[in-house]
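Let us walk through this structure together, one part at a time. Keep the sequence and the 3D view side by side as you read.

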Amino acid sequence: MSSSKERIAIIGAGLGGAVAGALLQHAGFDVNVYEQAPSFSRLGAGIHMGPNVLKIFERIGVAEKVVSISSTPSHWFSRDGISGDYLSRIPLEGYGATYCTVHRGDLQGIQCDALRPGTLHFGKKLTHIDDNGTDVLIEFEDGTSVRADIVIGADGINSRVRETLLGAEKPNYSGWVGHRALISSDKLRKYNLTFEDCVKWWGPDRHMMVYYTKARRDEYYYVTGVPHPAWEFDTAFVPSSREEMASEFEGYHPIIQALIESTDEVTKWPLFNRNPLPLWSSGRLVLLGDACHPMKPHMAQGAAMAIEDAAMLTRCLQETGVNDFATAFGLYEANRRDRATRVQSVSNANTFLLTQEDPSWVYGYDVYAEPLRTENAA
């Protein structure tokens with residue numbers, strides 16, 4: 001395999017981009033990852049990594065490390081946000097790998113470490129891409145440029161690679177915001193209450209998802225979904241407050257009130273999405289994750305879908321080689337679109353695991369066990 005003919009550039013070193021880089025490198029491809037942030041930092045908050053993702057992590061040798069730093073709940077509990085009644089008790093074991101809840105920044109650090117030294121480049125904000133039919137010229141804000149045979153856009157909901165394919169278009173504001181807060185477990189000890197490992201509290205028109213983000217259970221995290229008619233700010237998020245949280249969840253269960261009382265800092269984020277895209281690739285450019293199928297976070301599978309995308313795209317490129325990238329991109333979309341669209345739809349509807357159901361179609365999925373379907377298959 002000639003590296004001069006099979007150079008791959010990935011734009012974005014988020015959870016999908018970093019895993020795509022590591023998977024492709026493990027498969028023998030020459031890959032570099034370009035991230036606009038100036039350096040790595042422990043950004044973000046909590047995230048779920050289900051068995052469907054841990055099976056992929058095993059391929060790049062990080063599954064055990066991820067499990068070692070994560071909380072590993074045995075069940076997902078759904079409870080009525082006011083009465084506290086249990087609406088469902090969903091087992092999270094028995095799907096072939098561990099279910100993890102973890103801090104996104106800690107997880108991303110492990111993923112970035114899985115990349116070959118010298119192949120992750122920070123401070124590379126994309127300004128222009130030119131697919132000339134022979135290769136792709138990639139230009140960055142710092143004045144540097146590189147050429148690649150193919151480019152993978154893993155640069156999120158506001159993807160510049162997507163803009164190159166489909167033109168500039170703002171994502172759709174969903175009418176919802178999410179409040180996010182990390183709480184020290186020490187603050188919860190004064191309450192004579194049980195704080196479960198992984199629980200979603202459901203109200204008539206809002207919810208709060210709560211779980212531990214570390215193996216030592218010293219950090220408890222909540223994220224909400226709350227109706228909000230318009231996003232009035234230009235920033236990605238704004239500070240919220242304990243008082244705002246108390247007003248949004250007035251009359252809710254004592255455990256929710258304890259969480260709010262224990263909150264030091266809380267931020268408020270708009271929830272955006274897009275309609276399904278007409279294409280996932282064109283020429284030498286291809287998209288994955290939020291760049292092509294962003295979704296509300298209500299199913300805790302957004303990052304998982306990006307990572308599954310990365311695994312399937314790697315499989316397809318291994319089948320064809322980079323020289324036949326067009327066939328690989330077609331196979332990739334044919335084998336990912338239905339699943340990503342189904343998860344996007346269920347997540348946006350915010351019904352997943354509200355009542356007792358079998359989630360094996362999500363957690364039991366193994367991207368490597370799926371037979372590759374051709375582009376023209378029904």
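A charge is said to sit over a ring if NZ of Lys or CZ of Arg is within 6 Å of the ring centre and within 35 degrees of the ring normal. With that rule in hand, look for Arg59: its charged end sits over the ring of Tyr368, 3.6 Å from the ring's centre. Another case is Arg217, which lies over the face of Tyr212, at 4.3 Å from the ring centre.

Before going on, a word about the model. It is a predicted one, in which local features need pLDDT of at least 70 and side-chain atom pairs count only at pLDDT 80 or more, while totals for chains, interfaces and linings use all residues. Residues are numbered from 1 along each chain as its sequence is written, and side-chain values use heavy atoms, leaving out hydrogens and water.

Now to the strands. Helices (H or I, at least four residues) and strands (E, at least two) are DSSP runs, numbered from the N terminus. Two strands pair if DSSP finds at least two bridges between them. Strands of a sheet pair through backbone hydrogen bonds, either parallel or antiparallel.

E8 is joined to E9 by five antiparallel bridges, and Leu126 stands opposite Phe140 in E9. The two strands make a hairpin with four residues between them, and Gly133 in the turn has a positive phi of about 95°. Next, strand E9 (residues 136-140) pairs with E10 in the antiparallel sense over four bridges. Ile138 has Val146 in E10 as its bridge partner, and Val136 stands opposite Ala148 in E10. E9 and E10 also form a hairpin with four residues between them, where Gly143 in the turn has a positive phi of about 95°.

How much of E9 is covered? Buried means under 20% relative accessible area, exposed over 50%, and partly exposed in between (1.4 Å probe, protein chains only). Four of the five residues of E9 are buried.

Strand E11 (residues 150-153) comes next on our tour. In a regular strand the side chains alternate between the two faces of the sheet. In E11, Ile150 and Ile152 point one way and Val151 and Gly153 the other way, and all are buried. Strand E1 (residues 7-11) runs parallel to E11, joined by four bridges, with Gly153 in E11 as the bridge partner of Ile11. Strand E19 (residues 285-287) also runs parallel to E11, through three bridges; there, Ile152 has Val286 as its bridge partner.

Another open sheet has eight strands in the order E5-E4-E13-E14-E15-E12-E17-E16, with mixed pairing. Its edge strands are E5 and strand E16 (238-239), each pairing on one side only. Within the sheet, strand E13 (residues 198-202) and E14 pair in the antiparallel sense over five bridges, and Lys200 stands opposite Met209 in E14.

Let us turn to the aromatic rings. Rings of Phe, Tyr and Trp (its six-membered ring) pair if their centres lie within 6.5 Å; planes under 30 degrees apart count as stacked, over 60 as edge-to-face and the rest as tilted. The whole structure has 17 aromatic pairs. One of them, Tyr95 with Tyr363, is edge-to-face, at 5.8 Å centre to centre and 65° between the planes. Tyr95 lies in the loop between strand E5 (86-91) and strand E6 (100-103) and Tyr363 in helix H10 (residues 360-363), so the pair ties together parts that are 268 residues apart in sequence. Both Tyr95 and Tyr363 are buried.

Finally, the cysteines. A disulfide is a pair of cysteine sulfur atoms within 2.5 Å, and by this rule the count is zero. Cys292 is in no disulfide, as the nearest cysteine sulfur, that of Cys316, is 13 Å away.
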